[in-house]
Amino acid sequence: MVVRMADDELDRLFRALADATRRDIVRRTLVGSVSVSGLAADYAMSFAAVQKHVAVLESAGLVSKIPSGRERLVRAEPEQLARARRALAELEAIWRQRDIQLDAILAEPEE
Amino acid sequence: MPITSVIPDAETLTLTVVGDYAVPVERLWAAWTDPRQLERFWGPPTWPATFTAFDLKVGGKAEYHMTGPEGQKSGGYWRFTEVHPGRGFTFVDGFCQPDGTPNDDLPGTIMEMEFESTPGGSRYVAVSRFPSIEAMEQLVAMGMIEGLKAAQAQLDGVLGLEAA
């Protein structure tokens with residue numbers, strides 16, 4: 001169960017980052033919070049399209065939205081536990097790949 | 001899948017991996033302590049590892065580097081703190097500077113390896129103890145997960161900005 005959740009989390013994380021606009025949003029919001037309209041002003045796409053990008057990032061735990069007056073501010077979420085969980089999920093993927101290779105070696109006849 | 005369990009612990013920053021194999025424990029031990037076999041699975045196909053030194057004794061060191069698809073090199077070392085032949089070993093897995101000397105600014109990961117016979121063959125239990133989230137993220141950035149190169153390179157940049 002824990003393992004399957006980590007896979008899903010990893011999928012969401014990398015899907016979220018597999019887009020140049022979303023990566024740019026994460027970079028900008030790591031430096032400081034930006035309103036959704038502030039973000040939208042800088043990209044050649046509709047406000048709705050930017051909202052959709054933010055939603056994908058939010059579901060991957062990379063950003064969160066904070067209400068600020070009438071607006072929502074987008075900020076990156078490097079909070080410790082979420083970062084740790086994400087990094088662990090990725091390190092798990094490294095181990096799984098390593099294990100596939102080890103398994104192949106062990107299947108070879110020994111000299 | 002040979003890996004039978006992976007237990008991450010975000011509060012203690014540990015990752016426990018258990019792998020079960022249908023081979024004798026001596027064979028599993030050999031795969032983990034022969035540098036020629038280790039370098040075939042320590043790194044992924046896109047960033048294979050090369051071990052240039054391997055001295056399995058308390059206080060001994062292993063030296064390795066990973067080579068990226070464009071020839072980039074990323075160096076690391078193991079410093080063994082415990083060795084129980086056939087049963088297990090513990091080491092600190094650290095980063096190297098570009099010139100190959102240990103990078104003392106980045107603390108290493110403590111790795112505890114244990115090996116045992118099982119009814120089906122043998123098993124290893126690997127416990128990684130990470131010194132910090134930053135170190136884990138650095139490892140991830142160097143992990144070069146197959147098939148995610150583009151996203152990974154950008155994640156590097158994002159995390160690099162965060163660390164600045």
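# Reading the terms in this predicted model

Visitor: Why is W42(B) called buried?

Guide: The relative accessibility of W42(B) is 4%, and buried means under 20% relative accessible area, while exposed means over 50% and partly exposed covers what is in between, with a 1.4 Å probe and the protein chains only. Since 4% is under 20%, W42(B) counts as buried. Before we continue, please note that this is a predicted model, in which local features need pLDDT of at least 70 and side-chain atom pairs count only at pLDDT 80 or more, whereas totals for chains, interfaces and linings use all residues. Residues are numbered from 1 along each chain as its sequence is written, chains are lettered from A and ligands numbered from 1 in the order in which they are written, and side-chain values use heavy atoms, with hydrogens and water left out.

Visitor: How many aromatic pairs does a search of the whole structure find, and what makes W95(A) and W42(B) an edge-to-face pair?

Guide: The search finds 23 aromatic pairs over all chains. Rings of Phe, Tyr and Trp (its six-membered ring) pair if their centres lie within 6.5 Å, and planes under 30 degrees apart count as stacked, over 60 as edge-to-face and the rest as tilted. The rings of W95(A) and W42(B) have centres 6.2 Å apart and planes at 85°, so the pair is edge-to-face. This pair crosses between chains, from W95(A) in helix α5 (residues 80-107) of chain A to W42(B) in the loop between α2 (35-41) and β3 (49-54) of chain B; helices (H or I, at least four residues) and strands (E, at least two) are DSSP runs, numbered from the N terminus. W95(A), with a relative accessible area of 4%, is buried.

Visitor: What makes F51(B) and W78(B) an edge-to-face pair?

Guide: Their ring centres are 5.3 Å apart and their planes stand at 75°, so the pair is edge-to-face. The pair links distant parts of the chain, with F51(B) in strand β3 of chain B and W78(B) in strand β5 (residues 73-84) of chain B, 27 residues apart. F51(B), at 3% relative accessibility, counts as buried, and W78(B) is buried with a relative accessible area of 0%.

Visitor: How do you know that R98(A) lies over the face of W95(A)?

Guide: A charge sits over a ring if NZ of Lys or CZ of Arg is within 6 Å of the ring centre and within 35 degrees of the ring normal. R98(A) lies over the face of W95(A) at 4.6 Å from the ring centre, and the charged end of K61(B) sits over the ring of Y77(B), 4.9 Å from its centre.

Visitor: What does the term nonpolar core mean, and which residues touch the most other members in the largest one?

Guide: A nonpolar core is a set of buried Ala, Val, Leu, Ile, Met, Phe, Trp, Tyr and Cys residues joined through side-chain atoms within 4.5 Å. The largest has 47 residues, among which W32(B), W42(B), W78(B), F89(B) and Y124(B) touch the most other members. Helix α5(A) gives the most to this core, with 9 residues. A second, separate core of 18 residues includes L39(A), A40(A), Y43(A) and V74(A).

Visitor: Why are β1 and β2 of chain A said to stand at the edges?

Guide: In chain A, 3 strands form an open sheet in the order β1-β3-β2, with antiparallel pairing. β1 (34-35) and β2 each have a single partner strand, so one side of each is left without a neighbour in the sheet.

Visitor: How do you know that β2(A) and β3(A) pair?

Guide: Two strands pair if DSSP finds at least two bridges between them, and β2(A) and β3 (residues 71-76) of chain A are joined over 6 bridges in the antiparallel sense. S64(A) lies in β2 (residues 63-68) of chain A, and the bridge partner of S64(A) in β3(A) is R75(A).

Visitor: Is S64(A) buried or exposed?

Guide: S64(A) counts as buried, with 16% relative accessibility.

Visitor: What makes strand β4 of chain B mostly covered?

Guide: Of the 7 residues in β4 (residues 61-67) of chain B, 5 are buried. β4(B) runs antiparallel to β3(B), joined by 5 bridges, and antiparallel to β5(B), joined by 7 bridges. A53(B) stands opposite E63(B) in β4(B), and Y64(B) stands opposite G76(B) in β5(B).
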